[in-house]
Amino acid sequence: MKIKLFAALILGLLLSKQLIAANLSPWTEANTKYQSGSFKAAIDFYESILKTGKETAALDYNLGNAYFRLGHRGKALVFYERALKISPRNDDIRWNIDIVKSAVADRIEPNNEGLIVSGIRKITDPLTINELSMILSGILILFTTMAFIAFIFPVFRPFIHGAGILVVFVFLAAVVLFAFKWVEVKDPRVVILDKEVEARYGPSSRETKAFTLHEGAEATVADETQDWFYVALENKSSGWVPKKACEII
Amino acid sequence: MSIETSVSRSQLAMGEQLTLDIIISNAEGSISQPTLPPIDGFSSYSQGHSQEISIINGRSSSQSIFSYVLIANSVGKKIIGPFEINIGGKAFKVAAVEVEVISDNPMSSSSRGPSYAQGPVVAPPPRAMPGDEVSNQDIFVKTWLDKDEVYVNEPVTLTYTIYTRLSATYKGFEKEPVTTGFWVEDFPPDKTIKRTEQVLNGSRYVVADIRKMSLFPTEPGVFTIDTGTVGATVEVRNEQRFDSFFSSNIFGRRSPFPSTSFFSQVFSKIIPTDKVMVVVKALPEVGKPAGFSGAVGDYRIESSVDKREVEVGTPITYKVRILGEGNINTVQTPALPKMENFKIYDSSNSVNISKNRLVVEGDKVTETVLVPKKAGNYTIPELEFSYFDHKAKVYKTIKTASHLLLVKPGAEPEETVVSPGVQPVEQAEVSVTGKDIRYIKTVEDPNAVAVKPLYKEPLYWAFNVLLIAASFIFMFLTARRTNVKDNKALRSRGSHRVAKAKLRKASSLMKQDKHEEFFSEMSKAVYGYFADKLGVSSQSVSVELIEQRLPGNASPEILNQIKALFDELSMGRFAALQKGDEEMKRVYEMADSVITDFEKVKSR
């Protein structure tokens, strides 16, 4: 009798949950869960959207927030960085990344970079690689159009001649920016998820320890084996960390 | 806010000390000095409190460090803590730390603490022999305490005196004394070594105090101090023994060498010392003042402020100086009570110890920064400090002077005209009081979607290459057409010259009466000229074409002339023989004038 009642209760619960899910979109549902403080449930919903639908910046951002609230800073950073990759001009994402990074135990500072490099970075940071690709193609289209006009209407040739030189320079600048961004994004990056992980000189736990990384540290993957990533830090030190201790952004 | 504890070492030997730091970062509210409960296996002293405040862009961060010196007095794994600390009225737990106390090992004891090697009496020997031959009557060390019975924290002086009948050099301690249960202050060696002579049991001894140290007992009880062993090198000049040997040697004569230096021998000697005992009494409970914090000795207290009249917001430095004899390191400066309308920052603590008079004395200066928040007259209250005077065996309480402060209002706010409209208010920056992540997004931008990067698509690159190729093709075509046009212009410009040359050739043919050739050459000259002018082949030259291409300003007359010339030429070619010299001449002149006229039309 008791068991029956219990089963009925469970069934009822399941049904009601499904009913709610049917009424609200998983997105709204997840946000409601987040708002009420049940972050675990919110994560489940967000992840389900991630599995079935599109990965939007807002989704990644909200997932990051939920993980942050549960204390998983590494996981939060992974999602924030993914969101930033999609929307590099979003202030909220940058703010949250700064907050997470301020709590990371490792202070990894890049080697002093010159004025030119930091200047280029200022331009490329708020742009995605795809935007840069499109700018590059756009300039090419403009140039081709100009060459076409010069061919068809000789009258415009003197104007186009001057503008063409300008466009060539703009194109070269765009190529530099593109190349810079490409170097930045070509290698995948990882975030350390474990509280503490030893980076070693080789892909095995028998190898000598090189340094210790903590949750939330970011690194670039330079190489990998089945179970290990060879990661390089911003300050140029590098070591092998187990794959299960980190996640690709 | 975070609270951390750190110890300077996790493993130490009996009698050694470690520093325990309690670090409180970004505390909100005032922190009261944590009182350490008795820690099992350690005697503890507060070493002071340091505070660091940094204000960057209006955001302040602070760090308070409470330091304690712990002296291990029993062996084993010890857990220090957990403690409670009161911050802003709330109690916070401070995590416990585990340390291991090992029994004193001789290896570390020799390297621990200072070992004084005193100025040599003789140069260091090249080879030292075991000092068995030097008896304990020749050289020995006496250790003695100036008191047998002391109170906790009352200094007792331990002195090592060396007695020697031989020429000896003190080489420092072979084994350091074990001073478990005491806070040790070594006196500087140059103040302690005094050489005197003394006759003992009929022998003359050189006597020197080789080391003096002040011991401050940390807890009551009966303590036996293992005073260690002293190393020395001893020079023995035993002339008689060797003289008698050499006086009967085979040469039958005394050695020619000065025997004193030749036969002096150097031994290294380890001199044991006596253990000493001291009874440590607890401080009397009778008459113990309420604010007593364990200071024993003889102290005075002073206080000062650097400014008496200030404006609101200007910091005032309040200094409390405790000076006198005693273990000044462990003296706790009385804390300033909370003062309304002031921000109080404990800024620094400095301790200055002097041991020059063979007593441990010095001063401890605590600086506090006060920032007044409101104008008015204020008093920094008297601070009470109590200590136990071990000479008089009474508790004494001393006070600092109170200080009057006159706080004037800060810079006058700018006068504003009072209008019936809006009254301007003093504006403050919007300050961020907490840091947290920003809220989730409730609206999804459907365009901000993760996509495969374009640069990984071969199609993207194909498109770009196509564009580059296309623009090059267009540029190439444009350039080539310009060349063709240039050729045409060249042809047009040279046409008159070419035609003239051909006419000259025709004229010479006319003189030779070669009719056929003349007309052929004339045709070539005229059609070639127009072909060059129009940029077409000479076969397609016709009057109609010339008429089409002719600029509007040309007179129809010239067209008629051209027509007539063309007729003449075609007629002449087919009926050359019928034409006489007259005819040829007429055609020639006609062609010449038409070309000259046409040139004028074109160039106009």
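Two residues are in contact if their C-beta atoms, placed from the backbone, lie within 7 Å. By that criterion, 32 residues of chain A are in contact with 28 residues of chain B. The model is predicted. Chain B contains 9 helices and 30 strands, and 26% of its 604 residues count as buried.

- On the side of chain A that touches chain B, at least two residues each come from α2 (26-35), α4 (57-69), α6 (91-102) and α8 of chain A.
- The largest share of that side, 12 residues, is supplied by α8(A).
- Sorted by class, the side of chain A that touches chain B comprises 19 nonpolar, 10 polar and 3 charged residues.

**Helix packing in chain A**

- Two packed helices are described by the angle between their axes and the distance between the axes.
- Helix α8 (residues 129-152) of chain A packs with helix α9 (residues 157-186) of chain A at an angle of about 160°, and their axes are 9 Å apart.
- Because angles over 145 degrees count as roughly antiparallel, α8(A) is roughly antiparallel to α9(A).
- The crossing in which α8(A) passes α9(A) is left-handed.
- In the contact of α8(A) with α9(A), the residues divide into 21 nonpolar, 2 polar and 2 charged.

**Antiparallel strand pairing in chain B**

- Strands of a sheet pair through backbone hydrogen bonds, either parallel or antiparallel.
- Strand β13 (residues 156-164) of chain B pairs with strand β11 (residues 139-145) of chain B in the antiparallel sense, over 7 bridges.
- Within that pairing, B:Thr161 in β13(B) stands opposite B:Lys142.
- Strand β13(B) also runs antiparallel to strand β17 (residues 203-217) of chain B, to which 9 bridges join it.
- B:Val156 has B:Leu215 in β17(B) as its bridge partner.

**A three-stranded mixed sheet in chain B**

- An open sheet is formed by 3 strands of chain B in the order β23-β30-β27, with mixed pairing.
- Its edge strands are β23 (309-311) and β27 (376-380) of chain B, each of which pairs on one side only.
- From one strand to the next, the twist averages 30°.
- Strand β23(B) and strand β30 (residues 403-408) of chain B run parallel and are joined by 3 bridges.
- The bridge partner of B:Val310 in β30(B) is B:Val407.

**The surroundings of B:Val280**

- B:Val280 is located in strand β21 (residues 276-281) of chain B.
- This residue counts as buried because it has 22 C-beta neighbours inside 10 Å, the cut-off being 20 or more.
- Neighbours within four places in sequence aside, B:Val280 is in contact with B:Val150, B:Val152, B:Pro217, B:Glu219, B:Pro220, B:Gly221 and B:Phe223.
- One of these contacts, B:Pro217, falls within the residue range of β17(B), residues 203-217.
- The C-alpha atom of B:Val280 is separated by 8.5 Å from that of B:Asp148, although the two residues are 132 residues apart along the chain.
- Across chain B, among contacts between residues at least 6 apart in sequence, 74% join residues at least 24 apart.

How values were computed
Residues are numbered from 1 along each chain as its sequence is written. Chains are lettered from A and ligands numbered from 1 in the order in which they are written. This is a predicted model: local features need pLDDT of at least 70, side-chain atom pairs count only at pLDDT 80 or more; totals for chains, interfaces and linings use all residues. Two strands pair if DSSP finds at least two bridges between them. Helices (H or I, at least four residues) and strands (E, at least two) are DSSP runs, numbered from the N terminus. Axes are lines fitted to C-alpha atoms, for helices over the stretch in contact, and angles run from 0 to 180 degrees between N-to-C directions. Angles under 35 degrees count as roughly parallel, over 145 as roughly antiparallel, 65 to 115 as roughly perpendicular and the rest as oblique. A crossing is left-handed if the near helix is turned anticlockwise from the far one by less than a right angle, and right-handed if clockwise. Ala, Val, Leu, Ile, Met, Phe, Trp, Tyr, Cys and Pro count as nonpolar, Asp, Glu, Lys and Arg as charged, and the others, Gly among them, as polar. A residue is buried if 20 or more other C-beta atoms lie within 10 Å of its own, exposed if 12 or fewer, and partly exposed in between; C-beta atoms are placed from the backbone.
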